[in-house]
Amino acid sequence: MTQIIQGGNVPYRDQFVTCGHCGKQFVFSIEDQRRQELLGFEIIRPELCADCCKKVPPQPGLRPGLIKWYQEEKGFGFLTQADGSEIFFHRSAVEEGLLPELKERTPVWYEIEITERGPQAINVHQRV
Ligand SMILES: [Zn+2]
C-alpha cells in the first residue's frame, strides 16, 4: 500500500529515484520530503543515493540553506542543508552586511567547498 500524506497542498508519497551516479534505486521518503518543507525549502528530489552523496564531490552551484546558529565571538557557525544535515561556515564566507547579527533560521544561499578539514559553506548570502 502506498502511503499518502497531505501536507499543505502537496501530497507526499514515497518516490523511487534512480541514482544518477551508481544507477541504484533508492527511496526519497515522505519523511525527507516533509523535513525539507518544514525547513522552508522547496521540495527537491535528490539525484544521488546517500552513499554516492558521500563519495561524489559536490556539484558547483548555489544551494538553499538556513542558518542554524552563528556566534560572533567565535567567528563561525553552522547552517542546515536541504537534506537536514549541518555544514560549517566561517565568518569570512558570509556576505558583507549580513554579519554580525546573523539570526537563526535566516534563509541563505551557499556553495560547498571541500577543505582539508572537510566540507564547508562558502559564498553565504541572504536568500530573499
Ligand atoms: Zn548512488
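**View 1. The hairpin between β8 and β9.** In this predicted model, a hairpin of two residues leads from β8 into β9. The two strands run antiparallel and are joined by seven bridges. Within this pairing, E113 stands opposite Q120 of β9.

**View 2. The closed barrel and its strand order.** Five strands form a closed barrel in the order β5-β6-β7-β9-β8, and the pairing around this barrel is mixed. From one strand to the next, the twist averages 50 degrees. Between β6 (residues 76-81) and β7 (residues 86-90) the pairing is antiparallel and extends over five bridges, with F76 having H90 of β7 as its bridge partner. A parallel pairing is found between β7 and β9, where two bridges are present; here F89 has A121 of β9 as its bridge partner.

**View 3. The largest nonpolar core.** Ten residues make up the largest nonpolar core, namely I67, Y70, L79, F89, V94, L102, V108, Y110, A121 and V124.

**View 4. The surroundings of V108.** When its neighbours within four places in sequence are left aside, V108 is in contact with G65, I67, L79, V124, H125, Q126 and R127.

View 5. The domain assignment divides the protein chain into domain 1, residues 4-55, and domain 2, residues 63-126. Their C-alpha centres are 23 Å apart, and six residues of domain 1 are in contact with six residues of domain 2. On the side of domain 1 that touches domain 2, the residues comprise three nonpolar, two polar and one charged.

**View 6. R34 in helix α1.** R34 lies in helix α1, which comprises residues 30-38. R34 counts as partly exposed because 15 C-beta neighbours lie inside 10 Å, a number that falls between the 12 or fewer of an exposed residue and the 20 or more of a buried one.

**View 7. The whole chain, for orientation.** The protein chain contains two helices and nine strands, arranged along the sequence in the pattern β-β-β-β-α-α-β-β-β-β-β. Its C-alpha trace spans about 50 × 35 × 20 Å along the principal axes. Of the 128 residues in the protein chain, 15% are buried. Among the contacts between residues at least 6 apart in sequence, 49% join residues at least 24 apart.

Conventions: Residues numbered from 1 in each chain as written. Predicted model: local features only at pLDDT ≥ 70, side-chain atom pairs only at ≥ 80, totals over all residues. Pairing = 2+ DSSP bridges. Helix = DSSP H or I, 4+ residues; strand = E, 2+ residues; numbered from the N terminus. Axes fitted to C-alpha atoms, helices over the stretch in contact; angles between N-to-C directions. Contact = placed C-beta atoms within 7 Å. Domains from an automatic or database assignment. Nonpolar A, V, L, I, M, F, W, Y, C, P; charged D, E, K, R; others polar. Core = buried A, V, L, I, M, F, W, Y, C linked by C-beta atoms within 7 Å.
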